[in-house]
Amino acid sequence: MDFSNESRVLHRCSAQVLDIGNLLLLSLWHLVHSIISICNFTLDIANVLESYLISSGLLGRYKSLHIAKLRYLAIVIESEEAYQTSKIIELLQWLEAVGVKHVCLYDKEGILKKSKDFILENLDGAIWFQDAHENNVLLDQQHMTLEFVSFSDGKEAVAKAANVLFMKYSKSGVTDQNQKEKIFTESQMSEALKTVGSGGPEPDLLLVYGPARCHLGFPAWRIKYTEIV
């Protein structure tokens, strides 16, 4: 018996079987990848079409979003994205179409603050948060209110608010006798933040718009109970 010939034949058969198996696995992988790609593409087209129909008023608003529970929405936008004002306006128009009326826009560099007037002019009926009636701003469902926040509304705003409180209590003549007592409360600090223009309400939901996966310095005391997505 020629064992060497038989081993060569067996080796060739094993190699052929292995090649066929690899080819089948590769074909299966391409098939699965193609199916997933087609499904994702179909879903993207469906989402774009649905957004267009909702924005144009041809389709009713989302019924499962419970927009009434979303009283105040905050959106974190990277500085590079903030320069694309037209896309920001489209985003706000879509939010208004689905029923979101009160939005806080944040970018670290304050680019959106500089574009405030342009954005407000291109949104029908939108008003600046600071111009709205303070007590009823979140109850107003007739107008879209926009707040513009930047990094300067963080630690810098706290320092300014602390200075306001210091000046207030220094003028009120606080004596050494009552220094041991609490000089100011959280509500007084909130009032001082409003005085320096950084005292908006706490958002119910904070959305990160763009590639960033953090709040990029959004005032921390305003998101104690906020859900971040």
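A residue is called buried when its relative accessible area is under 20%, exposed when that area is over 50%, and partly exposed in between, with a 1.4 Å probe and protein chains only. This is a predicted model, in which local features need pLDDT of at least 70 and side-chain atom pairs count only at pLDDT 80 or more, while totals for chains, interfaces and linings use all residues. Residues are numbered from 1 along each chain as its sequence is written, and side-chain values use heavy atoms, with hydrogens and water left out.

A search of the whole structure gives three salt bridges, a salt bridge being a side-chain nitrogen of Lys or Arg within 4 Å of a carboxyl oxygen of Asp or Glu. In one of them K116 meets D117 at 3.1 Å, N to O; K116 is buried, as its relative accessible area is 17%, whereas D117, at 47%, counts as partly exposed. Another joins K101 to E96, with 3.9 Å between the closest N and O atoms, and both of these residues are buried. K224 and E202 also form a salt bridge, their closest N and O atoms being 3.7 Å apart. This pair links distant parts of the chain, 22 residues apart, since K224 lies in the loop between β5 (205-209) and β6 (227-228) and E202 in the loop between α7 (186-195) and β5. The helices (H or I, at least four residues) and strands (E, at least two) named here are DSSP runs, numbered from the N terminus.

The largest nonpolar core has 27 residues, where such a core is a set of buried Ala, Val, Leu, Ile, Met, Phe, Trp, Tyr and Cys residues joined through side-chain atoms within 4.5 Å. Among the elements that give two or more residues to this core are β1 (73-77), β2 (102-106) and β4 (145-149), but the largest share, seven residues, comes from α3. L95 is one of the residues with the most contacts inside the core; leaving aside residues up to four places away in sequence, L95 touches L73, I75, V100, V103 and M144, a contact meaning heavy atoms within 4.5 Å. A second, separate core of 11 residues includes Y72, A74, V76 and I223.
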